[in-house]
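Hi,

Here is the structure I promised to pass on.

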Amino acid sequence: MAARGASPAVIPTVRNILRDLAQQKNPAQAKHLRRFFRTGPGEYGAGDQFWGLKVPQTRAILGRYGPIPLPVAAELLAHPVHEARFFAAIALARDYAKATPAARVAIFNFYLAHARRINNWDLVDLSAPNIVGVHLPAGGGRQVLARLARSTNMWERRIAIVATYTHIRQGDLRNTFWLAERLLNDHEDLLHKAAGWMLREAGKRDPAALRDFLQRFAPRMPRTMLRYAIEKFPPAERRAWLTFGK
């Protein structure tokens with residue numbers, strides 16, 4: 001029985017969640033999001049649909065619900081509307097943080113099994129560090145990370161590198177540098193941005209380690225990856241790295 005004065009949690013069904021999301025539709029914002037997330041033909045988000053919710057709105061709706069059953073999350077991840085998949089991604093991250101050890105294993109395995117439906121950068125960036133990054137030990141888990149990094153699916157590759165953000169915050173940079181080297185030849189600009197972002201964050205922890213990586217790989221790094229990695233360096237040093245080895 002709920003405590004007196006407490007609001008009972010809404011039953012977490014797909015129907016209820018989609019109803020709550022749909023009630024917040026904003027066509028003007030949806031039009032903006034379609035441009036922002038590059039949904040045109042041939043773009044990375046081609047065909048994605050939007051209802052126009054902002055992140056705080058989706059988080060507020062999630063706050064009405066207790067743990068989201070994995071079958072419900074699976075249906076939401078299969079939904080064509082971005083906000084439904086976003087809801088599922090942040091729900092999995094929230095529920096993982098509060099779960100028992102056994103439930104964490106189940107959520108982690110579910111996340112990997114459905115990783116191809118974590119299919120835009122916002123879904124990845126708000127879930128991968130909090131599920132994959134937390135679940136895998138700092139400096140470890142390389143079999144999982146290598147499989148993701150070898151995937152033909154861009155979002156699985158992004159999950160691999162962005163998951164290491166958790167390890168960076170724990171002070172362990174090994175997986176970040178290891179994966180960044182393996183992504184040097186990736187052809188996707190969104191992966192160059194993600195790897196460069198993680199290298200920059202690693203450099204905040206250990207500038208010498210980042211400079212050592214650059215000494216070895218700067219001439220081979222995609223331009224976007226390099227620019228992101230050196231963004232916090234002084235201007236003169238940035239210019240030097242951009243011409244290093246040329």
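In helix α8 (residues 128–135), the buried residues are Ala128, Pro129, Ile131, Val132 and Gly133. Buried here means under 20% relative accessible area, with exposed over 50% and partly exposed in between (1.4 Å probe, protein chains only). Those buried residues of α8 pack against α5, α6, α7, α9 (142–149) and α10. Helices are DSSP runs (H or I, at least four residues; strands are E, at least two), numbered from the N terminus.

Before I go on, the ground rules: this is a predicted model, in which local features need pLDDT of at least 70 and side-chain atom pairs count only at pLDDT 80 or more, while totals for chains, interfaces and linings use all residues. Residues are numbered from 1 along each chain as its sequence is written, and side-chain values use heavy atoms, with hydrogens and water left out.

Back to the helices. The axes of α6 and α8 come within 10 Å and cross at roughly 115°. For these numbers, axes are lines fitted to C-alpha atoms, for helices over the stretch in contact, and angles run from 0 to 180 degrees between N-to-C directions. The α6/α8 crossing is left-handed, a label that applies if the near helix is turned anticlockwise from the far one by less than a right angle (clockwise would be right-handed). On the α6 side you'll find Arg104, Val105, Phe108, Tyr111 and Leu112, which meet Ala128, Ile131, Val132, Val134 and His135 of α8. Sorted by class, that contact has eight nonpolar residues, one polar and one charged. Contact means heavy atoms within 4.5 Å; as for the classes, Ala, Val, Leu, Ile, Met, Phe, Trp, Tyr, Cys and Pro count as nonpolar, Asp, Glu, Lys and Arg as charged, and the others, Gly among them, as polar.

α6 (residues 101–113) also packs with α5 (residues 82–98): their axes come within 9 Å and cross at roughly 155°. That makes α5 roughly antiparallel to α6 (over 145 degrees; under 35 is roughly parallel, 65 to 115 roughly perpendicular and the rest oblique). α5 passes α6 in a left-handed crossing. Here Leu92, Asp95, Tyr96 and Ala97 of α5 meet Arg104, Ile107, Phe108, Phe110 and Tyr111 of α6, with seven nonpolar, no polar and two charged residues in the contact.

Further along, α10 (residues 154–169) and α11 (residues 174–182) pack at about 160°, with axes 8 Å apart, and are therefore roughly antiparallel. α10 passes α11 in a left-handed crossing. Ala160, Ile161, Thr164, His167 and Ile168 of α10 make this contact with Asn175, Thr176, Leu179 and Ala180 of α11. There are five nonpolar residues in it, four polar and no charged.

Now the aromatics. Searching the whole structure gives ten aromatic pairs. Phe36 and Phe37 have ring centres 5.1 Å apart and planes at 90°, so this pair is edge-to-face. The cut-offs: rings of Phe, Tyr and Trp (its six-membered ring) pair if their centres lie within 6.5 Å, and planes under 30 degrees apart count as stacked, over 60 as edge-to-face and the rest as tilted. Phe36 is partly exposed at 43% relative accessibility, whereas Phe37 is buried at 6%. Phe36 also pairs edge-to-face with Trp121, at 5.9 Å between centres and 65° between planes. That pair links distant parts of the chain, 85 residues apart: Phe36 is in α2 (residues 27–36) and Trp121 in α7 (residues 121–125). Trp121 is partly exposed at 23%. Together, Phe36, Phe37, Phe50 and Trp121 form one aromatic cluster.

- Arg38 sits in the loop between α2 and α3 (55–62). Its phi is positive, about 50°, although Arg38 is not a glycine. Arg38 is partly exposed at 44%.
- Asn120 is in the loop between α6 and α7 and buried, at 0%. Beyond residues up to four places away in sequence, Asn120 touches Phe37, Tyr44, Gly45, Asp48, His82 and Trp155.
- Leu184 lies in the loop between α11 and α12 (189–205) and is buried at 3%. Leu184 and Met221 are 37 residues apart in sequence, yet 5.7 Å apart C-alpha to C-alpha. Leaving aside neighbours within four places, the contacts of Leu184 are Phe217, Arg220, Met221, Pro222 and Met225.

Cheers
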